[in-house]
Amino acid sequence: MKLDILVFAAHPDDAELGCSGTIAAHVAKGHKVGIVDFTKGEMGTRGTPELRVEEAEEAGRILGLSARENMGFQDVYYKDDEAHQLELIKMIRKYRPEIVLANAIRDRHPDHGKGGSLATNACFMSGLRKIETKLNGESQEAWRPKFVYHYIQNNYIEPDFVMDITPFWDTKVKSILAFQSQFHDPNSKEPESFISTPDFLPFIEARSREMGHKIMKTYGEGFTVEKMIGTDDLFDLK
């Protein structure tokens, strides 16, 4: 299956927190969007790897994804190295996306910046025909996405552009709340984590409102770019 947009995420729920409004907006326009999670979040304070995968599937259903996979990389300990790059190249060549959305270029959690770097390198290397990969025993053709954009996560990064997600705010919230094990639940007996405090989800809304304010919309999601965005028509810019 060819995808229009492929989203890479270090952990299940990274994509939902960082860019699910953008995902929902493009699905609504008829684009095929998929998510590849690197890990099962097994080092997280709350929940289990099995539960995280189930929650990710539910979030994918809410967003209308065309595909979702989990690479099974080791949480915290995965690396931006040859072995992991080759596994990601297989996914890029499998889905042949025009656009890749990836983790923030730097963030509070080291896995996020590392995940962003891994995605960047794999996207470039996937276009090198002398790097040979096979999937299910069949050789794959080289493929390089046209654009790689990095969504912004916990730490503030000035965006290069902002996507208006106002019509899809409710969908974003529903996709986030699919990860019930991770966020505030007054009845939970599990230890409190950074994202399970009562203030975390209001922070996500505040960040989305801040990004939306930059473009005079209610809610937005910010992205950084790897190469300059060009246009041949000034009226295409909003």
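Student: Which residue in β7 is the bridge partner of Ala-102?

Tutor: This is a predicted model, in which local features need pLDDT of at least 70, side-chain atom pairs count only at pLDDT 80 or more, and totals for chains, interfaces and linings use all residues. Residues are numbered from 1 along each chain as its sequence is written, and side-chain values use heavy atoms, with hydrogens and water left out. Strands (E, at least two residues) and helices (H or I, at least four) are DSSP runs numbered from the N terminus, and two strands pair if DSSP finds at least two bridges between them. β4 and β7 pair in the parallel sense over four bridges, and the partner of Ala-102 in β7 is His-150.

Student: Which residue in β9 does His-150 stand opposite?

Tutor: β7 is also joined to β9, by three bridges, and these two strands run antiparallel. There, the residue opposite His-150 is Thr-224.

Student: How far apart are the end C-alpha atoms of α6?

Tutor: The expected span of a helix is 1.5 Å times one less than its number of residues, so the 15 residues of α6 (residues 200-214) should span 21 Å. The separation in the model agrees with this, being 22 Å.
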